[in-house]
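Hi everyone, thanks for coming. I'd like to walk you through a structure this morning, so let me put it up on the screen.

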Amino acid sequence: MSAPLIWIFIPLLLGVSLLLLDGWRHLVAWAATFSALLFSLMAAFIPLGELVVWGPLQFELSDTFNIFGRQVIIDRSDTIILMLVFAGTAFWNGGAYLAGTPRLFPGLSMVSAAFIVMALSVEPFLYGALIIFLVALINLPLLVSPGAKVGKGILRYLVFQTLGMPFILFVGWMLTGLALGASQTDVEFRAFILLGVGFALWLAVFPFHSWVPMLSQEVHPYVSTYLLHTLTMASLLFLYGLIGRYAWLRDSLELLAILRAAGVLMVLVNGVFALAERHQSRLLGYALLLDIGYSLIALGSFDAGYQLFFALFIPRILAFAVWGLALSALNRMEYQVSSTGAGAYRMTPLVALGMLVGLFSTLGFPLMAGFPLKLAVLEALAASDPAALSWVILGVGGLLVAGLRTLIYLVSVKAPASAQTNPQRWLDLAILLGTIMIFLIGSLPGWFLPIYINLLP
Amino acid sequence: MGFVAFSNAPGFARAGVVVNEFFNSENVLFLIVILLASTATGLLIARSSRGRILLLGIQYLGVFVMVNQSWPFELAVVKLVTGWIASTVIGLVVFSLSPEDGDVSSLPAGQLFLLLVVMLVLITAWSLTPAAMLWIPGVSQAQMTASLFLISLGLLQLGLTARPARTIIGLFTVLSGFEILYAAVERSVLVAGLLAGVTLGLAMTGAYLMVAPGMEADS
């Protein structure tokens with residue numbers, strides 16, 4: 001048996017099976033959650049490429065699977081990626097049924113997880129760009145429910161994801177040439193430009209960011225949050241894999257500077273846009289982009305940034321899943337699409353708490369999961385590029401003002417007449433659990449984060 | 001297996017050689033470049049849905065000829081077949097929906113303005129060809145020109161529309177331009193398969209986006 005079979009083809013088969021199951025929505029949601037959790041735990045506990053002895057059972061997982069003359073390789077260094085992808089899938093599926101997502105959510109999220117793992121483990125690596133684009137395509141039915149209008153944000157999402165792929169593929173071709181020794185400054189320069197444009201399109205770096213708030217507004221909040229998080233996570237991991245594979249790229253100081261600059265730009269621009277945003281779903285979109293800016297800064301911060309880059313995924317999943325759940329609850333309470341969340345605290349305090357905790361954890365507020373890591377990223381940035389720090393603080397300041405304004409809206413403004421009390425106690429419980437986890441990780445970072453960091457290759 | 005055996009058959013190989021010889025002549029390539037510029041322009045300004053689907057089918061024929069400059073006949077034909085299947089999928093949905101589809105101006109003045117914009121874009125793309133050829137060595141001038149025409153007109157289409165059908169056709173046009181260039185640098189069967197999957201996936205997605213608003217809401 002091989003590792004790709006366990007973490008790609010079985011989840012793929014499972015995902016397709018879940019798609020075919022009509023009805024039994026509880027069962028499908030729980031099956032997706034627990035199976036994804038199982039795949040994640042297996043990644044943590046089964047050592048790849050070594051003989052495993054469990055009582056009378058002895059086996060060894062080979063790392064290679066051949067397909068169409070190419071190889072899919074999952075080795076020990078991929079453990080953290082497997083855990084992240086499947087734990088994330090389990091986490092998102094855990095709240096999906098409560099949030100009232102479309103019927104296809106569990107199946108498509110499982111298929112997406114399998115595709116993301118395949119994209120990050122196929123050789124040649126650059127073919128993964130095509131597979132990541134397929135992830136963006138297969139999730140489209142989640143965005144447009146039958147009978148619903150196709151919004152501009154959805155079309156822009158499709159266009160930007162499609163346009164990003166050719167740039168990445170061409171970079172792959174150029175990098176292969178450079179890796180073979182054709183070292184030319186102008187070719188490196190072209191590769192940087194193509195790489196920059198391709199990932200700017202995929203990661204919604206300014207000025208290609210407009211689709212994110214539009215999509216957040218048009219689509220079910222939990223679905224849009226899941227999709228934005230999953231796609232950007234896949235793109236970030238792909239970028240990380242790309243940098244790790246080519247020595248000249250890894251050693252390039254220019255690339256690190258470009259990554260930091262892109263990250264700072266994302267924090268600044270999205271913070272400023274958030275400052276003027278009152279719509280809660282759109283605000284979530286800007287906040288997610290701001291958070292991705294931190295990941296780019298971490299990736300561009302030499303060796304210290306590598307652990308931070310991986311660690312940042314944990315508070316991000318927690319914060320945005322809780323925030324997405326809270327916004328889904330607002331939707332269920334018949335708040336209008338252009339909701340500011342006015343008066344939600346009086347109607348249902350836990351939903352309001354979920355929104356605030358998600359937002360302030362993203363900001364890096366003390367005692368919340370985002371705090372220790374954001375602080376570490378800012379310290380790394382201050383060490384490498386002190387001038388850029390002021391721009392980041394300016395961007396964070398924008399989101400802080402938006403957060404304070406949200407707090408005022410939630411607490412002191414009167415709720416709209418159409419709003420109803422949230423009838424879903426399980427949803428409240430899920431938000432509460434997520435909130436507790438955010439505070440636990442934020443309060444005890446020295447206990448939680450090393451466990452995770454130790455898994456890094 | 002069956003396809004490989006078929007493509008290795010002497011008749012199929014001979015057909016490939018004849019087709020290659022015909023399409024490799026300079027004059028024919030020049031005509032194909034003009035054909036691709038015309039189809040992409042037509043896709044942009046045509047008001048008839050049927051006409052657009054027909055133009056898309058013809059465009060894929062031109063793309064096949066350009067890809068055939070770099071790839072063997074039996075691999076290049078995959079582009080043609082995939083493109084035609086994608087056109088058919090979009091066509092079937094478009095024909096089943098109401099005939100209206102004009103977010104391009106119906107006024108002659110608007111059409112004229114659009115034609116002028118197209119001319120400007122084509123001239124710009126043409127002038128960029130020599131510089132672009134330095135970026136990707138191994139690409140012929142005809143391939144580069146055709147590719148830049150398709151990419152620029154596809155992007156123009158994407159910038160002008162907010163309708164799913166036109167957006168998908170714009171994406172097909174941009175991707176066709178890219179595939180001509182990429183075929184010159186990458187000859188992997190897996191990539192050919194994945195790109196075919198992308199084209200078909202886009203067609204299915206586009207079809208869903210077009211029919212979803214008319215579907216019964218999910219309970």
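This is a predicted model: local features need pLDDT of at least 70, side-chain atom pairs count only at pLDDT 80 or more; totals for chains, interfaces and linings use all residues.

Let's begin where the chains meet. On the chain B side, 37 residues are in contact with 33 residues of chain A. About 3100 Å² is buried between chain B and chain A, and carbon and sulfur atoms give 82% of that area. How many salt bridges are there across the interface of chain B and chain A? The rule finds zero.

Now for helix packing within chain A. Take H3(A), residues 79-99, and H4(A), residues 105-121: their axes are 10 Å apart, at an angle of about 170 degrees. Angles over 145 degrees count as roughly antiparallel, so that is what H3(A) is to H4(A). From H3(A), the residues that meet H4(A) include Phe86(A), Trp92(A) and Asn93(A); on the H4(A) side, Phe105(A), Met110(A) and Leu120(A) are among them. Sorted by class, this contact has 13 nonpolar residues, three polar ones and no charged ones.

The other pair is H13(A), residues 280-299, with H18(A), residues 370-384. Their axes come within 10 Å and cross at roughly 50 degrees, which makes H13(A) oblique to H18(A). The crossing is left-handed. H13(A) contributes Asp291(A), Tyr294(A), Ile297(A) and Ala298(A) to the contact, while H18(A) contributes Lys374(A), Val377(A), Leu378(A) and Leu381(A). By class, that gives six nonpolar, no polar and two charged residues.

One I'd like to show you is formed by Arg245(A) and Glu123(A), whose closest N and O atoms are 3.3 Å apart. Arg245(A) belongs to helix H10 and Glu123(A) to strand E5, so this pair, 122 residues apart, links distant parts of the chain.

Stay with Glu123(A) for a moment, as a cis peptide bond joins Glu123(A) to Pro124(A), with omega about 0 degrees. Pro124(A) sits in the loop between E5 and helix H5 of chain A.

Where does Pro207(A) lie? You'll find Pro207(A) in the loop between helices H8 and H9 of chain A, and the peptide bond from Phe206(A) to Pro207(A) is cis, with omega near 10 degrees. The loop between H8 and H9 also holds Ala204(A), which has a positive phi of about 55 degrees despite not being a glycine. For context, most residues other than glycine have a negative phi, and most peptide bonds are trans.

That's my tour; happy to take questions.

Methods. Residues are numbered from 1 along each chain as its sequence is written. Chains are lettered from A and ligands numbered from 1 in the order in which they are written. Side-chain values use heavy atoms; hydrogens and water are left out. Axes are lines fitted to C-alpha atoms, for helices over the stretch in contact, and angles run from 0 to 180 degrees between N-to-C directions. Helices (H or I, at least four residues) and strands (E, at least two) are DSSP runs, numbered from the N terminus. Angles under 35 degrees count as roughly parallel, over 145 as roughly antiparallel, 65 to 115 as roughly perpendicular and the rest as oblique. A crossing is left-handed if the near helix is turned anticlockwise from the far one by less than a right angle, and right-handed if clockwise. Contact means heavy atoms within 4.5 Å. Ala, Val, Leu, Ile, Met, Phe, Trp, Tyr, Cys and Pro count as nonpolar, Asp, Glu, Lys and Arg as charged, and the others, Gly among them, as polar. Buried area is the accessible area (1.4 Å probe) that two parts lose on being put together, summed over both. A salt bridge is a side-chain nitrogen of Lys or Arg within 4 Å of a carboxyl oxygen of Asp or Glu.
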